[in-house]
Amino acid sequence: MTRHQQPPLDQSAAPYAEALIAHRDRDGLRFMIPGHATGQAGGSDRLRDFLGARALELDIPQLVEGIDLGAGNAFDHARELAAAAWDARTTWFLTNGASQGNRMAMQALAAIGDRVLVQRSCHSSVYDGLVMSGATPEYLFPESDPDHKIAHGITAEAAEQALAEAAAAGTPYAALVMVSPSYFGVVADVPAVAAACRRYGAALVVDGSWGAHFGFHAELPESPTRQGADIVLSSIHKLGGSLTQTAFLHLCETPHASVLEPALEAAYRLTESTSLNSLLLASLDIARSELATGQAAMGEALEAAALLRRLVTDASGLRLAEPDFLARPGAVAIDPLHVSIDVRGRGITGPALKTALSRAEEPAFVEIAAPTAIVALIGPRGTPDVAGLLAAIDRAAPPQAAGSGPAPAASAPLPAAPPPGAQLLTPREAYLAPSESVSASEAVGRISAAMLAAYPPGIPNAVPGELLTAELLAYLRDTAKLPGSYIRGAADHAVTQLRVVRR
Ligand SMILES: Cc1ncc(COP(=O)(O)O)c(C=O)c1O
């Protein structure tokens, strides 16, 4: 639904959620799905005990007049409000996460062209989307942080150079796909990348999954939807306040929009269920309303994050990792709701502390761990007990006696990853090809059927369709031996067997 179609844009309304409540209140006889017999005599007591009667009553199927059927229905109105809140041309409600949105976006880019420039550290769903679309990707490597051993974003300079070289060679890219902010909250220079894309005619997809809240408070970074991107993913369940598995895909008003819009609609039908869950959709509608009108609540969340930062700064053996992140090329800001705490001074690694916190008698759960740090997330309407988190850290990893030094695993240098092997098949061709499992020595010179990424830092070293070189396999096997390291996508921890395309 485009934002220009209907006049009333009161962001305090949640029309879809309100229509569900009105429908429930009509209390009619129900001879339709869902089969858990919501609100009727009988039905499942067990499910009712688990979820609560109200959740069951509001689990209302698709195609109900006034809710999502008929002219001017509530769902269309909710879509219009969501598009308006992000200044988008069109917004899709997704119930299969930003993963679905990435798959949709990759599929839709085929309407512009076949060659796409992809940030190598994109989420796996981008690669899934490339399998679906059949596109030929080329890669932009993100900035790697040798100290914290994590990947950040791409730089605008690298994007400009790659776009210019492809254009000069007569093989311009149809699109560039990037991530901002990163999992660690590092924000890339989206306006500069968007300007470069515009100069070379490429569409820009920004996976803004971790910045669903951006643009909704003066202290937050701006949303990529207002920075020149063509398509933006917002994983609203992350830091936007909706139920798990929900996200928005926004199409912005750019020169590519009229081509991308029908392609995205087709991709939506390809990836979505015909039985969308009303509770998930309503949670998106309510989260959008609260983000758009909830400056005061967001202000409190920002204050909680600021207090946590102050406590960390004052604590012995802890420090904020964020100044280090910001010093890396391409980093222009840090999401205030991601608080990255460098724990090396407590003589423990990030993963070990994260595990210890979760297993403690009074547990605390943090989102991520890097070898050097843990990352605490504050929700957009959250005022969590940040002093309690500091106390939990003190219990799990007390301040050390002066001079006892950082944990050896945290300070071990990260070996440099060799360049990936040549791309001999597209991800789709590799996906469709018959594959087999071979030993590591037999895998040299073969085409990988799997995505392999050494953690840390988690940048894919081999993508399906790429040649496995001796150098790459040695690196993967050596990295797997390091404490705390593993190879995502490998059949076994020691990387003795690899899945390759059959000859
Ligand atoms: C950068 C990025 N994009 C997309 C996704 C997928 O999002 P969802 O879990 O909403 O499917 C993730 C998941 O963590 C992610 O980190």
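User: Before we turn to single residues, how is the word "buried" to be read here?

Analyst: Buried means under 20% relative accessible area. The model is a predicted one. F184 has a relative accessible area of 7%, so F184 is buried. F325, at 1% relative accessibility, counts as buried by the cut-off of under 20%.

User: Which kind of aromatic pair do F184 and F325 form?

Analyst: Planes over 60 degrees apart count as edge-to-face. A search of the whole structure finds ten aromatic pairs. In the pair of F184 and F325, the centres are 6.2 Å apart and the planes stand at 80°, which is edge-to-face. F184 belongs to the loop between β6 (175–179) and β7 (186–188), whereas F325 belongs to helix α13 (residues 322–326), so the pair ties together parts that are 141 residues apart in sequence.

User: How far apart are the ring centres of W86 and F216?

Analyst: The centres of these two rings lie 4.9 Å apart, and with their planes at 80° the pair is edge-to-face. W86 sits in the loop between α4 (74–85) and β1 (90–94), and F216 in the loop between β8 (203–207) and β9 (231–234); the pair thus links distant parts of the chain, 130 residues apart. Both W86 and F216 are buried. Ring pairs also join W86 and F216 with Y16, F75, F93 and F248 in a cluster.

User: Which charged residues sit over rings?

Analyst: Two cases can be given. R120 lies over the face of Y139, 4.5 Å from the ring centre. The charged end of K238 sits over the ring of W210, at 4.7 Å from its centre.

User: Which residues does L264 touch, leaving aside its neighbours within four places in sequence?

Analyst: With those neighbours set aside, L264 is in contact with W92, M104, A105, A108, I231, L249 and L251.

Terms used. Residues numbered from 1 in each chain as written. Predicted model: local features only at pLDDT ≥ 70, side-chain atom pairs only at ≥ 80, totals over all residues. Heavy atoms only, no water. Contact = heavy atoms within 4.5 Å. Phe/Tyr/Trp six-rings, centres within 6.5 Å; stacked < 30°, edge-to-face > 60°. Helix = DSSP H or I, 4+ residues; strand = E, 2+ residues; numbered from the N terminus. Buried < 20%, exposed > 50% of the residue type's maximum accessible area, 1.4 Å probe, protein only. Lys NZ or Arg CZ within 6 Å of the ring centre and 35° of its normal.
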